[in-house]
Amino acid sequence: LGLFISMSLAIHNVPEGLAVALVLQPSGLSTMDTALWSIFTSLPQPIFAVPAFMSVEHFAPFLPVGLGFAAGAMCNVAIRELIPEALEELSIEVAVTATIAAFGIMGMCQVLL
């Protein structure tokens, strides 16, 4: 389970850093500054991982509520922002195909990892 979570976080950090870089690079920052800011945005994860691990047992009863809230927030972002923006930029066929492919890739990653 630890390896799965570590790999999931590592895979998640790639698009997160890319999202930061894609905003900073066109604004005129150097490539080095862009790379450093992209790395800097991920620093809180290892810093707060140990205190979070040590306190997770105390907050276990609240975990379902927290996960439910996070799932609702992600669904809200997808429905209210991502889908309309995708439909503005792409045809509905391409948007649906990309969504199905993304779900397929996520499913394969879960099975393979």
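Visitor: In which helix is the place of phenylalanine 4?

Guide: Helices here are DSSP runs of H or I with at least four residues, strands are runs of E with at least two, and both are numbered from the N terminus. Phenylalanine 4 has its place in helix H1 (residues 2-24). This is a predicted model, in which local features need pLDDT of at least 70 and side-chain atom pairs count only at pLDDT 80 or more, whereas totals for chains, interfaces and linings use all residues. Residues are numbered from 1 along each chain as its sequence is written, and side-chain values use heavy atoms, with hydrogens and water left out.

Visitor: What is phenylalanine 4 in contact with, leaving aside its neighbours within four places in sequence?

Guide: Contact means heavy atoms within 4.5 Å. With neighbours within four places in sequence left aside, phenylalanine 4 is in contact with Gln110 and Leu113. Phenylalanine 4 and cysteine 109 lie 105 residues apart in sequence, and their C-alpha atoms are 9.8 Å apart in space.

Visitor: Is phenylalanine 4 buried, partly exposed or exposed?

Guide: Buried means under 20% relative accessible area, exposed means over 50%, and partly exposed lies in between, with a 1.4 Å probe and protein chains only. The relative accessible area of phenylalanine 4 is 28%, so this residue is partly exposed.

Visitor: Where is serine 42 found, and does it count as buried or exposed?

Guide: Serine 42 belongs to the loop between H2 and H3. Its relative accessibility is 15%, and therefore serine 42 counts as buried. Apart from neighbours within four places in sequence, serine 42 is in contact with Asn13 and Glu16.

Visitor: How many disulfides does the structure hold?

Guide: A disulfide is a covalent bond between the sulfur atoms of two cysteines. The working criterion is a pair of cysteine sulfur atoms within 2.5 Å. The structure holds zero disulfides. For cysteine 75, the nearest cysteine sulfur is that of cysteine 109, 19 Å away. Cysteine 75 counts as partly exposed, at 46% relative accessibility, and cysteine 109 counts as partly exposed at 33%.

Visitor: How many aromatic pairs does the rule count?

Guide: Rings of Phe, Tyr and Trp (its six-membered ring) pair if their centres lie within 6.5 Å; planes under 30 degrees apart are stacked, over 60 edge-to-face, and the rest tilted. The count comes to one aromatic pair. Tryptophan 37 and phenylalanine 40 form this edge-to-face pair, at 5.3 Å centre to centre and with 90° between the planes. The two residues are about one helical turn apart, because they stand three residues apart in helix H2 (residues 31-40). Tryptophan 37 is partly exposed at 45%, and phenylalanine 40 is partly exposed at 48%.

Visitor: How many residues does helix H3 have, and what distance does it reach?

Guide: The expected span of a helix is 1.5 Å times one less than its number of residues. Helix H3 (residues 44-55) has 12 residues and reaches 16 Å from its first C-alpha to its last, close to the expected 16 Å.

Visitor: What radius of gyration does the protein chain have?

Guide: The radius of gyration is taken over C-alpha atoms, and the globule rule is 2.2 Å times the number of residues to the power 0.38. The protein chain has 17 Å, while a compact globule of 113 residues would be near 13 Å. Its secondary structure comes to five helices and zero strands, and buried residues make up 5% of the 113 residues.
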